[in-house]
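Reader: I have some time to go through this one with you. Can we take it piece by piece?

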Amino acid sequence: MSVFQHTVRSGQRLLFDGAMGTMLQSRGLAPGQNPEIFCLERPDVLRSIHLEYANAGSDVLTTNTFGGTRFKLPVGIDVFDFNRRMAEAARAAAEQSGRRVFVAGSIGPTGKFLKPLGELDFELMVEAFREQIRGLVAGGVDLLLGETQFDIGEARAMVVAARREGRIPVAVSMTYEAGVTLTGSSVAVCAATLANLGVDMIGMNCSEGPEEMREAASTLLAVSPVPVLLQPNAGLPLLRDGATVFPLDPENFSRLTARFAADGAQGVGGCCGTTPAHIQALGRAVASLERPGPRPVFSGIALTSRARLVRVGRGRPVRIVGERINPTGKKQLSAELRSGEFITALRFADEQTEAGARLLDVNVGAPMVDEVEILPALISRLSTLNNAPLSIDSSNMDAVESALAVYPASPLVNSISGEEGRMERLGPLCRDYGAPFILLPLRGKKLPVKASERIAILEDLLAQMDALAVPRSLAMVDALVLAASSSPEACAECLEFIRYCVNSLQLPVITGLSNISFGLPARPLINGAFLALASGAGMNACIANPSDLRIREALDAANLLLGHDQGAEEFIGRYAQWSGGSGGVPSGGAPAPSGGKGGADDVKGMSLEQAVIMGRRDAIGDLAQAALNQGEEPFAIVSERLIPAITEVGEKYARKEYFLPQLIRSAETMQAAFGLLKPLLEKDARAGERPVIILATVEGDIHDIGKNIVALMLGNHGFEVVDLGKDVHAETIVDEALARDAALIGLSALMTTTMVRMRDTVDLAREKGLATEVMVGGAVVTDDFARSIGAHYAKDAVAAVKLARQLIR
């Protein structure tokens, strides 16, 4: 255990530092000047800022490496050397302070999306983070701090990279808007995923001031099982006299932020707009507070997708894990998997979640199916089309590892048995990927009939886990249900084993429900009876077909009688109109992203509009061609069918029914359809010339994710988009707008140090007599700022489309 980890576990409150950008500006960093190059040229300035924070009372100094990956650093700067030198500067200041001050190696977002949201492979992102981490470690950091992370998949990649470089302490701080990340993960989802990854602190920073952050911070404090770090901005940015300012002075900032410490945050500090004066005032405000109390403890395991958290354990409803995505006995599914098609698998996923499954088991094991290729491909597709957390089910360990790499959160691994080498390979993988797993008490060819035999194997597996430092909090036990037809004592021994796991080991238990009835008539009757018995013994989940009415009824009744259905609300909601065998109303446990049935139906049963709304890029080409074959005109297809569909997607996004993954998927689907129709549209006189919009990220800013999404959406709504890229000079933007007779200019900026460059473009456009309206957006941009520079504000890509339509008549 490192000194930092010992300090955290002792409960000592830690005061982190504040912003770097505003401090650098006050020391000579010119607007638009690259801060990395400035700090390499002026290490004395950087050290002096770090020392000011240390002298103000900061217990943790953060390196100036937020943009320190190969994707962000200017060409010609060596990643390892830059990060090492930045870490050494912070370390020198820490040592000069004369007291123990920790150094946190800052790791910001790469600016890239992982596949399938973007084009970046998981391993490439991990390697980029490792490259940065090696430099930070060489420079002497005490911990790694992932800051302002907006995608849980990328945050997970950063932690995996850290684990591959050793056991250095890791803290991860996410950024939220209205309680969700940019890619649609709630505070609870992020906290559970990061806790599974074994990070030392879970945080929240940027985007908001302490008042605006309070609700999300309260949620994090309630759901995080590990120490919490909170670093708000000094309020929301304003433009005063041509400069960006943050309104909260040190006293008001410290008064509001100290409430987080009083509520239990172990780490507090500042983000944008804060200075050593803010941190010093915050230190005074929290000095007299008692140490934070213990963090909440959750029994069982936590499974997550990007959008959903499902806990399995004592005191919670018994969960159904949908079993149907398994080719055993399914000829059509097997044939499709062999050819790399997933139509039936996706349909099974939707049907099972609509029938009440909260989790989905995914198995592709069939003759002539390359599991190493097909399993991760299907896992990736399902993770974007269905919100239910997934179970990776395979005996092929290479396939399991490949699937873990493409899943964005915390899946379930099914399973780790006593087979030689399996725990040694999969245990550390699950630990480092933050993936809960099923322990299967099976060793050799003989099935352990007696509970005592299963217990002996299980205890050996747990000892192996402990030796490999695999936390027991990730483990769930398979009760190993045997057929009652061949073993009369099968049920009794299984129930005894369940009680031992739940009561003596405090581990959750799952069963393969249908095994009990193998070889007997009236199997649903036996399965339902065993489910009730096993639930009473403490079983927490079962792998079953959620569409089986008898199982569904038995499970709902068991959850009610075991006290897992508060006020009997779910039971009454489903069975108020029940008559024997009706099965009640489906729970809709995890609906398809479209919110309706048929997210993976055959193309023949899907409309063109549904394909756009559901993001079915694989189906849109055939559907568009079918519409053409039926005599529909290209212009009518676009204007009367595709554009209304993508508009509905935008409305769902605005209502928070959809999040960024669904928005991108639908936009790319629309783009695929438009690509097919474009040659035909060019021949249609009604299509006319499309209005030109110039887009660019302003000078000095290298962030372009938001701009790229805006470009995609505008292109789908009939505009011709000219994307000039990032770090673009005002002269280039204005000249291009003049040359192309642009109808609108769109500008993006993520940093407070670069948003002022938007004014340069607006002013230059007016100087050159260009009357084109300017639209601005970005994380730090506000409506007030936009108006102050004579521009129009768009909050996000959907708002940008609406605004463009208003401004271009």
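Author: Let's start with helix H14: 11 of its 15 residues are buried, so H14 is largely enclosed by the rest of the structure. Keep in mind that this is a predicted model.

Reader: Which residues of H14 are buried?

Author: The buried ones are Glu371, Ile374, Leu375, Pro376, Leu378, Ile379, Ser380, Leu382, Ser383, Thr384 and Leu385.

Reader: What does H14 reach from its first C-alpha to its last?

Author: H14, residues 371-385, reaches 20 Å. That is close to the 21 Å expected at 1.5 Å a residue.

Reader: And what caps the N-terminal end of H14?

Author: Asp370 does: one of its side-chain oxygens lies 3.2 Å from the backbone nitrogen of Val372.

Reader: Where is Met368, and what is its phi near?

Author: Met368 sits in the loop between strand S14 (359-362) and H14. Its phi is near 65 degrees, a positive value in a residue other than glycine.

Reader: Is Met368 buried or exposed?

Author: Met368 is exposed, because its relative accessible area is 72% and the cut-off for exposed is over 50%.

Reader: I also flagged Ala178 in my phi list. What is its phi, and where is it?

Author: Ala178 has a positive phi of about 55 degrees although it is not a glycine. Its place is in the loop between strand S5 (170-174) and helix H8 (187-196). Ala178 is exposed, with a relative accessible area of 63%.

Reader: Where is Ser415 found?

Author: In strand S16, residues 412-417.

Reader: Cysteines next. How many disulfides does the structure hold?

Author: The structure holds 0 disulfides. For Cys39, the nearest cysteine sulfur is that of Cys272, 16 Å away. Cys190 is in no disulfide either, and the nearest cysteine sulfur, that of Cys206, is 15 Å away.

Reader: What cut-off rules those out?

Author: A disulfide needs a pair of cysteine sulfur atoms within 2.5 Å.

Reader: Is Cys190 buried or exposed?

Author: Cys190 is buried, with a relative accessible area of 0%. Cys39 is buried as well, at 1%.

Reader: OK, sheets. What is the strand order in the open sheet of 5 strands?

Author: The order is S22-S21-S23-S24-S25, with parallel pairing. The edge strands are S22 (720-723) and S25 (792-793), each of which pairs on one side only.

Reader: How many bridges join S24 to S25?

Author: 2 bridges join S24, residues 773-777, to S25, and the two strands run parallel. Met775 in that region stands opposite His792 in S25.

Reader: Which helices lie across those strands?

Author: Helix H26 (residues 705-716) lies across S21 (692-697), S22, S23 (744-748) and S24. H26 runs at about 170 degrees to S21. Helix H29 (residues 757-767) lies across S23 and S24, running at about 175 degrees to S24.

Reader: And the hairpin: how many residues join S11 to S12?

Author: The hairpin joins S11 to S12 through 4 residues. The strands, S11 at 301-304 and S12 at 309-312, run antiparallel and are joined by 4 bridges. Leu303 stands opposite Val310 in S12.

Reader: Which way do the S11 side chains point?

Author: Ile301 and Leu303 point one way from S11, and Ala302 and Thr304 point the other way. All of these are buried.

Reader: Last one, Glu401. What is Glu401 in contact with?

Author: Leaving aside neighbours within four places in sequence, Glu401 is in contact with Arg425 and Leu429. Glu401 is found in helix H15, residues 397-406, and counts as partly exposed at 28% relative accessibility.

Reader: How far is the Glu401 C-alpha from that of Ala467?

Author: They are separated by 21 Å, with the two residues 66 apart along the chain.

How values were computed. Residues numbered from 1 in each chain as written. Predicted model: local features only at pLDDT ≥ 70, side-chain atom pairs only at ≥ 80, totals over all residues. Heavy atoms only, no water. Pairing = 2+ DSSP bridges. Contact = heavy atoms within 4.5 Å. Axes fitted to C-alpha atoms, helices over the stretch in contact; angles between N-to-C directions. Buried < 20%, exposed > 50% of the residue type's maximum accessible area, 1.4 Å probe, protein only. Expected span 1.5 Å × (residues − 1). Polar contact = N/O pair within 3.5 Å; in protein donor to acceptor, adjacent residues only side chain to side chain.
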